[in-house]
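Visitor: I would like to go through some labels and ask what stands behind each one.
Guide: Go ahead, and here is the model.

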Amino acid sequence: MHSGEGRDRDKEKVFVEHCKGVNGIDKVILREVRGCSAEVYLYGGQVTSWKNEYREELLFVSSKAIFKPPKAIRGGIPICFPQFGNQGSLEQHGFARNRLWSIDPDPPPFPTNNPNKAFIDLILKHSEEDMKIWPHRYEFRLRITLGPGGDLMLTSRIRNTNTDGKSFAFTFAYHTYFAVSDISEVRVEGLETLDYLDNLKDKVRFTEQGDAITFESEVDKVYLSTPTKIAILDHERKRTFVLRKDGLPDAVVWNPWDKKAKAMPDFGDDEYKHMLCVEAACVEKPIILKPGEEWRGRQEISAVPSSYCSGQLDPRKVLYTD
Ligand SMILES: O=P(O)(O)OC[C@H]1O[C@@H](O)[C@H](O)[C@@H](O)[C@@H]1O
C-alpha cells in the first residue's frame, strides 16, 4: 500500500468510524469537520445519537434503554417496518427495529456531486425465519448521512424481490425521539388544522383546532397528509428542530406522559418530560409494491437556534416554502 493511500484511509476514518457499542453491538460513528456527529447501531439500523458542533445531544435515548434482542432500543430513531403500531398481525411497529442489519456492500448510486463524506449504507433482507411471519422477499436499503452543517438525513429504499409474483403492503415510520428541555415548553408547528387519528380514542378521526400544538397530557396522534416541513420549538433551550420529509404523508406525535412512562420497563418515570416523538410516517394508506418495484422515503432533520424560526420569520414561510 502506498503511504498516500493509508493517509486517505485515515482521513476517511475521521468521517466514518466502525466500532463496538453497548453489549459489543457493532456501531458506526459519523463525524463532520465542525464537530457534529451521529451514531448508528447495526441492531435495528438505528440512529442512537445526533450531536451538534457544541457536542450537545439532540436525540433522546432512555437511561433504561435495553440494548439486547428482542427489545428495540428505547430512543434515537427506530425504524418501524413493515408495520406501524399494532395495525396488523405483526409485533408492534414491525420487526426491522429489532433485527441485526448489515453494512450494504452494494449501495445504490447517489448523485456524484454529493459533497457529504459522513454517511453509511445499511441493508436488511428477508430471512427464512421472518418469512414465516411476513411471507415476502425484500431488500431494505437505508442510507444515513450527516451533512456538513450537522443535518441528519435518512433515506430508505424498499424493494419487493418476491419471486412468486406477489405484491406486498407495508406501513412505515422514522420513530424519531427528539430531546427537549421540558415538554411543557415545547410547541409543534405545521400540524394545526389537520385531521388526525387518535390512538388514545380507538383511532377515531378528529380535526386539530387552533394554533400550534402544545403538551399537557399523554398524546398519541397520527396526523394525516401533513406538509413536508414540521417545526418543533423548544422555548427553554431556544432551539428549533426542523423536520423535512418526502414520500411519507403522515406524522405521528407521541409522548407517553407520567402513567405510561411508569408502565414501561425501559423508560425512566420522569423521562417523558425530556422527549417528544415526531415521526415521519406512512400509516393511513399502506404502500403497495409489486415485484421489482421500489419505494423511497426520506427524512431530514436539522437543529437551529429558535430566533431563526420564531418571531423573526413568518412560521408559514418556514413551513410551507422551500
Ligand atoms: O413502546 P413502543 O412499541 O416502542 O411504542 C411506543 C409508541 O410509539 C408510537 O409511535 C405509537 O403511536 C404509540 O402508540 C406507542 O406507544
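Guide: Lysine 203 sits in the loop between strand S13 (195-198) and strand S14 (204-207). Keep in mind that this is a predicted model.

Visitor: Why is lysine 203 called partly exposed?
Guide: Count the neighbours. Lysine 203 has 17 C-beta neighbours inside 10 Å. Buried needs 20 or more, and exposed needs 12 or fewer. The count of 17 falls in between, so lysine 203 is partly exposed.

Visitor: Which residue has a positive phi near 55°?
Guide: Lysine 238, which is not a glycine either. Lysine 238 lies in the loop between S16 and S17. These strands form a hairpin with 4 residues between them.

Visitor: How do you know whether lysine 238 is buried, partly exposed or exposed?
Guide: By the neighbour count again. Lysine 238 has 13 other C-beta atoms within 10 Å.

Visitor: What makes S16 and S17 a pair?
Guide: Bridges. S16 and strand S17 (residues 239-246) are joined by 6, so they pair. The two run antiparallel. In one of the bridges, isoleucine 230 has leucine 243 in S17 as its partner.

Visitor: How do you know that S12 pairs with S16?
Guide: By the same test. Strand S12 (residues 186-189) and S16 share 4 bridges, in the antiparallel sense. At least two are needed, so the pairing holds. Glutamate 189 stands opposite alanine 231 in S16.

Visitor: What is the omega of the cis bond between proline 69 and proline 70?
Guide: About 5°. Most peptide bonds are trans. Proline 70 belongs to the loop between strand S4 (46-51) and strand S5 (79-80).

Visitor: Where does the peptide bond with omega near 0° occur?
Guide: From phenylalanine 81 to proline 82, and that bond is cis. Proline 82 is placed in the loop between S5 and strand S6 (102-103).

Conventions:
Residues numbered from 1 in each chain as written. Predicted model: local features only at pLDDT ≥ 70, side-chain atom pairs only at ≥ 80, totals over all residues.
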